[in-house]
Amino acid sequence: MERVERTREFPASGGRTPSDVATLLLELGRVVKARQFYAEGDPALAELVDRGFRSFRAEIERHGRLELEIGPSGVRMAEGNDPAFRGRLDDLARELSRGDVRALRLDKSLDLRAFGALVDALAGAPKPAEVPRQVGDAQGGEGREKARSAPTREEAASAPPSPGQALLPEAAGSEAPPQAQEKSAPTLDRAPLEAPPSDERGARLVALLRELDSCTDHARYPELASRAGKEGAALFEAGFPDEAYRTMRVLGMHAADLSRRSAPQRELAAQQLAELATGARLEALIARACARGAEASIRASQLLLQLGARVVPILLQRIEVEKDPHRRGQLAGILIAIGEKATPELVRVMEGGDLRRARTAARFAGEIQNPAAVATLRRLMQRPDSELRREAAKALVRIGHASAVEALVEALERRDDGVAALAAYCLGATGSPRAFDALREALPRALFRGDFELARELVRAFARFGRSEAAPDLAAILARKSLLKRRLLRELKLTAIDVLAKLPGSAELQALAVAGESRDAQIREAARRALARRPAPSAA
């Protein structure tokens, strides 16, 4: 994946920069999202996990152990006072906090198995019976925060189940021998070739699918796959949607089977799946993906992921009209998991004339975080619809690439109503050094034009960076005088005082002390209150 530009950044003691870490965590977020839809052992999931693991290992080899803190303000590097990663990593921070993770420490003992276990934990996947030692190190380290030991039987009985964990009935006695589990009946999701058919036509379809599954003849496979697709579609029209779904499941398994299927067979299976999953049959597949049953939802979601960009338009449409939050969340998760393959269709929709659909597409372009969408989002920042501009700006923050930051910097100079202020707000959420410099450069220009609304937003953005380099700019505001715009200037000065109270450093104290002697009573009292809120300097 593309890396965020590393020029003029503020590296930690080991040479690691916030952009290095942001890139890693965005990669982790994608793997976690994919894990929520791909089954364990799926080749596509294995590839994503392996890529994420190699990224983390390479970073650890370069710069040593990685330590992060997770809190209400987002994810923060533990070394020094580096800025929190906001906007782009809010979703991952929520996943970590939901799992009661407060710190993340990864060192050279991290291996692929431990990384996979961390992904499973964040995605709410069922945990294996034995967790390797490195998982505890990856999630909590060997120092201040160690992984919790296995709960006692009493604790396990009283604790709520973890996400994805089934509730099991308590055994009659603690020493009772394990009971032999009754073999569950095959289902379309678990074993589509073994699940009982709907009627005689369904039985003939099952026989055809079994013949297809055992076929090794390259010349005969296309004919069997075509017949299966047509018969599955006919049975759907006859009122047997389960048989169409059975056919999709078999074709989907063939399309992803790297061990038993040749490349031409996989391509044919994917083609037949795409032809079958259209119209009402696609709608039925989406309904299964949104079902509450975990297994049915996962298997149907996997088929939608295999269909890829083809299903993006209907997913966008369904997300817009869906009222149920569970179903809407499931649809959104599938669209995000499709990933960069969805970007061309999102770009097409953003450039279309449907404003509501364009706003939705812009939001998901930000979720997918593909820099290929930046050019279109930049153009959306120039459109007259304020809601569309807001979604485009938020998407640029989430993408976080250098080109996305430049698009927001460019918008600082726009004179359209509210565009520059929106860009300033969003730049404050990027944590980018380029954004910080651009905000400082824009402040005197805004004051020269008398644009106090923009100036206030620029000042507020300084607070989100938490950097003392902004102190001279804020002190200059407090020293300004105006006869014609006294009220607006006073409001700006009060905002500057509030920001100075939050920034570290002696220059901030001096600026507040000067303002504390102002002849303006409001400014004077605000500055004195700000000084009182700041912690006293250390004796050293």
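Tutor: Let's start with Glu 508, which is found in helix α25 (residues 506–515). Keep in mind that this is a predicted model.

Student: Why is Glu 508 called buried?
Tutor: Its relative accessible area is 1%, and the cut-off for buried is under 20%, so Glu 508 counts as buried.

Student: Which residues is Glu 508 in contact with, leaving aside its neighbours within four places in sequence?
Tutor: Those are Ser 468, Ala 471, Leu 500, Leu 503 and Arg 534.

Student: What about Arg 398: buried or exposed?
Tutor: Arg 398 sits in helix α18 (residues 386–399). Its relative accessibility is 16%, and the line is drawn at under 20%, so Arg 398 counts as buried.

Student: What makes Cys 290 buried?
Tutor: A relative accessible area of 3%.

Student: On to helix pairs. Why are α2 and α4 called roughly perpendicular?
Tutor: Helix α2 (residues 43–63) and helix α4 (residues 112–123) pack at an angle of about 115°, with their axes 10 Å apart. The roughly perpendicular range is 65 to 115 degrees, and α2 and α4 are therefore given that label. Their crossing is right-handed.

Student: Which residues meet there, between α2 and α4?
Tutor: From α2, you have Val 49, Asp 50, Gly 52, Phe 53 and Phe 56; from α4, Leu 112, Phe 115 and Gly 116.

Student: What makes α21 roughly antiparallel to α22?
Tutor: The axes of helix α21 (residues 433–449) and helix α22 (residues 452–465) cross at roughly 155° and come within 9 Å. Roughly antiparallel needs an angle over 145 degrees, so α21 is roughly antiparallel to α22. The crossing of these two is left-handed. Residues making the contact include Phe 436, Leu 439 and Leu 443 of α21, and Leu 454, Leu 458 and Phe 462 of α22.

Student: What makes helix α15 mostly covered?
Tutor: Helix α15 (residues 343–350) has eight residues, and six of them are buried. They are Thr 343, Glu 345, Leu 346, Val 347, Val 349 and Met 350.

Student: Which helices do the buried residues of α15 pack against?
Tutor: They pack against α13 (312–321), α16 (355–368) and α17 (374–380).

Student: Let's zoom out. How many helices and strands does the chain have?
Tutor: The chain has 26 helices and three strands. It runs to 540 residues, and 47% of them count as buried.

Student: Among contacts between residues at least 6 apart in sequence, how many join residues at least 24 apart?
Tutor: In this chain, 66% of them do.

How values were computed: Residues are numbered from 1 along each chain as its sequence is written. This is a predicted model: local features need pLDDT of at least 70, side-chain atom pairs count only at pLDDT 80 or more; totals for chains, interfaces and linings use all residues. Side-chain values use heavy atoms; hydrogens and water are left out. Helices (H or I, at least four residues) and strands (E, at least two) are DSSP runs, numbered from the N terminus. Buried means under 20% relative accessible area, exposed over 50%, partly exposed in between (1.4 Å probe, protein chains only). Contact means heavy atoms within 4.5 Å. Axes are lines fitted to C-alpha atoms, for helices over the stretch in contact, and angles run from 0 to 180 degrees between N-to-C directions. Angles under 35 degrees count as roughly parallel, over 145 as roughly antiparallel, 65 to 115 as roughly perpendicular and the rest as oblique. A crossing is left-handed if the near helix is turned anticlockwise from the far one by less than a right angle, and right-handed if clockwise.
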